[in-house]
Amino acid sequence: MSTTSVRLAIDVMGGDFGPRCIIPAVARCLEQIPGFNVVLVGSPEPMASLSREYRLPDERVSFVHTSETILPDDLPASVLRGKRDASMRVAIEQVRDGVADGCLSAGNTGALMVLAKTLLGTVEGIQRPAIMAALPVAGKFCHVLDLGANVDCSARQLFEFAVMGSEAVAELTDIERPRVGLLNIGSEINKGSLRVREVSELLRDSRSLNYVGHIEGHELFQDRADVVVCDGFVGNVVLKASEGLAGYMQDELRRALTGSFALRLMAPLLRRALKPMGERLDPNRHNGAVLLGLQGVVVKSHGNADQQALEVAIGQAVRACQSQMPQRIAARLARCRGELL
């Protein structure tokens, strides 16, 4: 990771565990990431006591105190009108005002997207931002977008997602020309809805994208593409189904290891052998979904993320800031503008 200095604003009150999980993760990242600085945004008392407990360095940490918290069931529209002093909103304002290079929150996804789009605005040429995250495949990663920000998308918007995803993955993974695929029900050109066929034609004609064609659901995990594009409804279902399947497989393995006397005797050896697979499938090790298309870096963590998962998300946010992702996406879109619908 680059040593370029980064200041990240973190919504300390977001997520299921709030400050008692976020502060230890911040402390660990301050030890491990050179040039990492943080603005902690939230209620004064839990931040102060936990910061003393974990001995956060004064010269690398600042605090912004807030009096409100956005709840999981708060409607995005109501958040825009009210809760002006909510920790999530104030954390995004740190990016808008140039105090921080990026923002991280584990709070309400809908509220985060609406607030980020309203307060930061979108990159020129982008109609809608998208959420991108990585799925572990064949020892590598497949980055999927959109994962829930846009339930229904036009062909133009899907093309924009492909451009943004390609540029973001090139920066985050050092893959010079990421393979871009379009999630579909079949590999044939004439398969899929009218909208999918429209964007498929546009992607095939694009000179700037390394388009590899349609990707079926099972091919997501076969290293067919580095970036896979779909609308937010399909993407969110894929993400949650994948995480559920990973948890189911781990539970089945645990039950199998305790299912017979012979397997119980072999359990320590089998656990060591299966540990790398379990780590690859663990969603916590791939935490941190980037909101692409905004004029600022915003990263969403799982709401139920533990300390290790939050450390991963912080690292993801720092890399996005160091790569100046919004500026790079804007430049890439400017080059591709003639290919848009």
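**Exercise A: a residue with positive phi**

Determine from its relative accessible area how Lys83 is classified.

*Solution.* The relative accessible area of Lys83 is 24%, so this residue is partly exposed. The classes are as follows: buried means under 20% relative accessible area, exposed means over 50%, and partly exposed lies in between (1.4 Å probe, protein chains only). The model is a predicted one, in which local features need pLDDT of at least 70 and side-chain atom pairs count only at pLDDT 80 or more, while totals for chains, interfaces and linings use all residues. Residues are numbered from 1 along each chain as its sequence is written, and side-chain values use heavy atoms, with hydrogens and water left out.

Next, locate the residue: Lys83 lies in the loop between helix 3 (76-81) and helix 4. Helices (H or I, at least four residues) and strands (E, at least two) are DSSP runs, numbered from the N terminus. Finally, consider the backbone: Lys83 is not a glycine, yet its phi is positive, near 50 degrees. Most residues other than glycine have a negative phi, and most peptide bonds are trans.

*Solution.* Asp223 belongs to the loop between strand 8 (210-215) and strand 9 (227-229). Its relative accessible area is 23%, and therefore Asp223 is partly exposed.

Asp146 is situated in the loop between strand 6 (140-145) and helix 6 (155-173).

**Exercise C: helix 4**

How many of the ten residues of helix 4 are buried?

*Solution.* Helix 4 covers residues 87-96, and nine of its ten residues are buried. Among them are Met88, Val90, Ala91, Ile92 and Val95, together with Arg89 and Glu93. Just after helix 4 comes Gly98, whose phi is positive, about 80 degrees.

**Exercise D: an isoleucine in a loop**

*Solution.* Leaving aside residues up to four places away in sequence, Ile185 touches Gly192 and Glu216; a contact means heavy atoms within 4.5 Å. Ile185 and His214 are 29 residues apart in sequence, with their C-alpha atoms 8.3 Å apart in space.

**Exercise E: the largest cavity**

What is the volume of the largest cavity, and which classes of residue line the largest cavity?

*Solution.* The volume is about 60 Å³. On a 1 Å grid over the protein atoms alone, a cavity is a set of points where a 1.4 Å probe fits but cannot get out, and lining residues have an atom within 4 Å of a point. Grid points are joined across faces, edges and corners, and the volume is the space filled by probe spheres set on the points.

The lining has ten nonpolar, two polar and no charged residues. Here Ala, Val, Leu, Ile, Met, Phe, Trp, Tyr, Cys and Pro count as nonpolar, Asp, Glu, Lys and Arg as charged, and the others, Gly among them, as polar. The lining residues include Gly293, Gly296, Ala320 and Pro326. Strand 10 (289-292), strand 11 (297-300) and helix 11 (325-336) each supply at least two residues of this lining.

Conventions: 1 Å grid on protein atoms, 1.4 Å probe; cavity = no way out; pocket = protein on both sides within 12 Å on 5 of 7 lines; lining within 4 Å.
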